[in-house]
Amino acid sequence: MAASREYLPLPSEEELRTLYPSNLELLNVQVLFRHGERTPVRARFQTWGLAPFWPFCKIARQFTQTIVTYPNDATTPFEYVRRLESVAKGLPNNVPVPASGFKSGQSDELCMLGELTDLGRETGFKLGDRLRWLYIDKLKFLPPLFNDHKYFYFRSSHIARSNETLLSLFNGLYPPTFRKAGLKPTIYTRLFPQENAYPNDENCRRLSELGFMFAEIAAHRWNPVLADYPSSKLTDVLPKGVAIDGSPRASGVFDTVAACVAHNVPYPEGFKDERVVKEIREAVMDEWYLGVQKSREYRTLAVGAIAGDFLYRIKLAVNADKAAHGSKLKDLFSPREKFETREKAVKLALYGSHDTTIASLLCAIQAFDHQWPPFTSDIRFELFAHSKPVEVPKPADKPTVSTSESEVMNTPLRPAGFVSSKTKREYFVRLTYNDKTLKLPGCAKEGEHLPGDSSFCTLEAFEKVINEFVPQNWELQCRQNLGKPVLDNPEIAKEFSTIPRVGGAVMSKPQA
């Protein structure tokens with residue numbers, strides 16, 4: 001079970017020349033990445049002996065905040081140390097006690113639930129360092145010093161572990177000695193109701209409804225499977241068995257084991273059985289991602305908005321390149337985008353996100369490998385320009401002016417021909433996932449990609465792929481079709497309608 005990312009070797013000089021041909025000019029890079037390693041989001045397996053608080057946050061417990069001294073409004077950094085507190089079990093009146101880790105009395109360096117660990121900060125830095133190696137040291141695409149905001153756009157989800165991973169990544173991309181003194185990166189975040197850095201079902205009622213339907217379908221499909229082999233191997237830790245809709249849910253069980261594997265924390269022996277892990281993983285992936293694969297409405301509400309953000313920044317870069325080359329600008333923006341404030345094109349955009357964002361987007365573009373995205377996984381969108389010679393008709397020569405008719409008649413004329421005095425800019429988009437180049441089915445046909453390499457989608461083909469699931473008005477579409485079944489997949493709607501239920505709950509197998 002690969003919970004942490006296993007990096008491919010850095011490409012050789014020859015491989016770099018193949019990946020980045022000299023006839024293509026890199027214009028824009030956008031990186032969507034999952035946060036680094038974290039603790040489980042809930043305390044599980046405590047009866048087995050797994051401590052709820054993990055001692056992997058030595059760095060995180062050291063905080064610095066800005067405070068104001070009145071009345072002169074002077075701001076100063078204020079450092080403090082965090083220590084976690086808990087409540088004693090088995091004692092009345094909720095007696096407070098210091099939180100304890102894996103060992104009795106271990107109270108320092110403890111992590112909150114779902115918190116980025118020291119390892120997560122390290123792997124975030126490593127991803128940034130690899131981006132620096134590629135885009136600064138080798139390709140000379142980005143400036144070696146961070147001395148101007150104009151080349152960059154940084155954004156994170158409102159969840160702390162995502163923002164903290166972005167900070168670690170930036171530190172790897174531009175270590176302190178490679179930053180202009182006093183220049184601070186600007187990181188954008190959104191209000192929770194407008195968040196699109198992950199499938200925001202809490203603020204989209206229709207997405208929540210669809211998610212519930214697909215979760216019931218997954219429970220009906222997989223609970224009988226999970227009740228068989230996996231449950232038989234996990235009786236010591238899950239005496240009631242494992243189920244999609246169990247307590248704890250199969251997704252929570254999978255999440256806790258992944259965190260244990262990433263941090264080398266002991267976990268129940270039954271999860272070391274490859275078949276157990278495989279069947280739980282496939283069941284959970286159906287619960288979370290079947291909807292993205294089977295319903296256009298689902299993928300539109302889940303990841304269509306952030307996909308539209310990527311396309312928007314690609315168009316900004318294309319327009320900027322056209323302007324720089326004196327081309328006649330064609331408005332590439334949809335009516336929805338024309339009402340938005342146009343920003344300046346940047347060279348690099350970084351988006352701190354989550355596993356559900358990465359996997360859902362891969363599903364939406366039909367590039368999912370059916371493996372749960374490891375910590376610090378990333379999808380990169382690279383925009384390239386290609387200058388293609390254009391043959392311009394050259395008129396036939398005219399005879400020189402002469403007073404002699406015979407001279408005119410005897411002057412040889414060179415026939416009309418073609419000269420390549422102009423070039424046309426063509427644009428291509430390539431996606432990679434964890435350093436592996438993706439080939440999108442939507443760019444497979446001739447004319448939809450760079451001749452000889454289908455990984456380079458034409459801008460037009462890529463736009464068609466993305467626009468298939470970009471919402472016109474996300475907030476409005478979240479309020480539409482409420483109470484209705486899956487409308488764009490009759491087979492799924494039929495499957496959902498035929499699930500046996502007892503008292504409103506899914507009946508995953510016939511009653512005895």
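In this chain a disulfide, that is, a pair of cysteine sulfur atoms within 2.5 Å, joins C443 to C457 with an S to S distance of 2.1 Å. The pair links distant parts of the chain, with C443 in the loop between β11 (436–437) and β12 (449–450) and C457 in strand β13 (residues 453–458), 14 residues apart. Here helices (H or I, at least four residues) and strands (E, at least two) are DSSP runs, numbered from the N terminus. The torsion about the S-S bond of C443 and C457 is about 105°, so this disulfide is right-handed. Both C443 and C457 are buried, where buried means under 20% relative accessible area, exposed over 50%, and partly exposed in between (1.4 Å probe, protein chains only).

The model is a predicted one, in which local features need pLDDT of at least 70 and side-chain atom pairs count only at pLDDT 80 or more, while totals for chains, interfaces and linings use all residues. Residues are numbered from 1 along each chain as its sequence is written, and side-chain values use heavy atoms, with hydrogens and water left out.

By the distance rule the count comes to three disulfides. Another of them joins C57 to C111, again with S to S 2.1 Å. C57 lies in the loop between β1 (25–34) and β2 (62–69), and C111 in the loop between β5 (96–98) and α2 (118–138), so the pair ties together parts that are 54 residues apart in sequence. The link of C57 and C111 is right-handed, with 110° about the S-S bond, and both cysteines are buried.

A further disulfide connects C204 and C478 (S to S 2.1 Å). Because C204 lies in the loop between β7 (187–188) and α4 (205–226) and C478 in the loop between α13 (474–477) and α14 (490–497), the pair ties together parts that are 274 residues apart in sequence. The link of C204 and C478 is left-handed, with -100° about the S-S bond. C204 is buried at 1% relative accessibility, and C478 is buried at 2%. When the bonded cysteines of the chain are numbered in sequence order, the pairing reads 1-2, 3-6, 4-5.

Charged side chains make further contacts. A salt bridge is a side-chain nitrogen of Lys or Arg within 4 Å of a carboxyl oxygen of Asp or Glu, and a search of the whole structure finds 27 salt bridges. One of them is formed by the side chains of R38 and D255 (2.5 Å, N to O). R38 lies in the loop between β1 and β2 and D255 in helix α6 (residues 250–263), so this pair ties together parts that are 217 residues apart in sequence; both R38 and D255 are buried.

Helix α2 takes part as well. R130 forms a salt bridge with D435, the closest N and O atoms being 3.2 Å apart. Since R130 lies in helix α2 and D435 in the loop between β10 (417–433) and β11, the pair ties together parts that are 305 residues apart in sequence. R130 is buried, with a relative accessible area of 14%, whereas D435 is partly exposed at 26% relative accessibility. Both belong to a network of salt bridges that links R5, R130, D378, R380 and D435. R121, also in helix α2, meets E164 in a salt bridge (3.3 Å, N to O).
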